[in-house]
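Let's walk through this fold together, starting with its sheet and then turning to the charged pairs. Keep the structure open beside you as you read.

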Amino acid sequence: MSYNTEYWNKYVENSDSNYNEEMAKFIRDLAVSLRVQNVLEVGCNSGNDLKLFPQEFDVSGIDPNESAIRKASQSLPYFKFKVGSITELPFEDSSFDFVFTRNVLNYIGDENMEKSVNELFRVSRKYILNVEYFSDNESQIPDASISTWNRNMYKRWLDFKVKIISNVDMHEEIDPKKSKFTLIRKI
């Protein structure tokens with residue numbers, strides 16, 4: 001899997017300016033309402049989407065960027081963070097009640113999507129949430145500074161034993177980038 005370290009190191013440097021408090025509230029409130037015991041964010045970067053989780057929650061994050069994990073560990077020392085890849089998550093099967101990605105699968109090339117989705121499914125015990133830029137045909141996003149794709153997670157989850165709970169556009173007040181919210185429950 002190709003990884004542009006320079007691009008992502010710059011992203012980490014600017015992660016505070018990329019913080020979306022409404023999205024962080026939304027994800028926290030969803031996890032609380034689902035009454036989950038533990039949470040994994042895959043592609044957590046510096047932990048922005050995890051900032052509002054109560055310290056007593058069992059929260060983990062994984063990201064391939066060492067700088068991001070270092071920053072997340074410093075700012076959220078009561079949570080667990082690891083350097084790792086979505087294509088080989090270093091966790092046991094069914095380890096987490098709630099596994100989520102936000103704008104992570106948009107950066108995964110077609111050659112690694114199947115393995116990435118399989119890994120999300122494998123480590124989840126109950127729920128998986130994907131918040132990703134959407135396209136029915138999963139087209140590449142033109143003129144991006146790094147290779148990105150629109151994804152159709154609803155279609156991807158149809159091959160798994162899951163119940164699709166929600167597949168809607170995120171409200172623009174929560175995510176002005178207009179991503180798609182797909183929540184599934186393992187059966």
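Begin with the sheet: 7 strands form an open, mixed sheet in the order β3-β2-β1-β4-β5-β7-β6. Its edge strands are β3 (80-83) and β6 (162-169), each of which pairs on one side only. From one strand to the next, the twist averages 15°. Before going further, please note that this is a predicted model, in which local features need pLDDT of at least 70 and side-chain atom pairs count only at pLDDT 80 or more, while totals for chains, interfaces and linings use all residues. Residues are numbered from 1 along each chain as its sequence is written, and side-chain values use heavy atoms, leaving out hydrogens and water.

Helices (H or I, at least four residues) and strands (E, at least two) are DSSP runs, numbered from the N terminus, and two strands count as paired if DSSP finds at least two bridges between them. Strands of a sheet pair through backbone hydrogen bonds, either parallel or antiparallel.

Now, please find strand β4 (residues 96-102). It is largely enclosed by the rest of the structure, because 7 of its 7 residues are buried (buried means under 20% relative accessible area, exposed over 50%, partly exposed in between, with a 1.4 Å probe and protein chains only). Strand β1 (residues 38-42) pairs with β4 in the parallel sense over 3 bridges, and here V39 stands opposite F98 in β4. Strand β5 (residues 124-132) also pairs with β4 in the parallel sense, over 6 bridges; S124 in β5 is the bridge partner of F96. To get from β4 to β5, the chain passes through helix α4 (residues 110-123), making a right-handed β-α-β crossover. Right-handed here means that, with the strands pointing away from the viewer, the path from the first strand over the helix to the second runs clockwise.

Moving on from β5, you reach strand β7 (residues 180-186), which runs antiparallel to β5 and is joined to it by 6 bridges. In that pairing, I184 of β7 is the bridge partner of I128.

Two helices lie across the sheet strands. Helix α2 (residues 21-33) lies across β1, β4, β5 and β7, at about 160° to β4, whereas helix α3 (residues 66-75) lies across β2 and β3, at about 170° to β3. Contact means heavy atoms within 4.5 Å; axes are lines fitted to C-alpha atoms, for helices over the stretch in contact, and angles run from 0 to 180 degrees between N-to-C directions.

How many salt bridges are there? With a side-chain nitrogen of Lys or Arg required within 4 Å of a carboxyl oxygen of Asp or Glu, the count comes to 13 salt bridges. In one of these, the closest N and O atoms of D49 and R102 are 2.9 Å apart. The pair links distant parts of the chain, with D49 in the loop between β1 and β2 (58-63) and R102 in strand β4, 53 residues apart. Both D49 and R102 are buried.

Another salt bridge joins R125 and D97, with 2.7 Å between the closest N and O atoms. This pair connects strand β5, which holds R125, with strand β4, which holds D97, 28 residues apart. R125 is partly exposed, with a relative accessible area of 36%, while D97 is buried at 3%.

Finally, R151 and E138 meet in a salt bridge (2.9 Å, N to O), and both are buried. They belong to a network of salt bridges that links D110, E138, R151 and R156.
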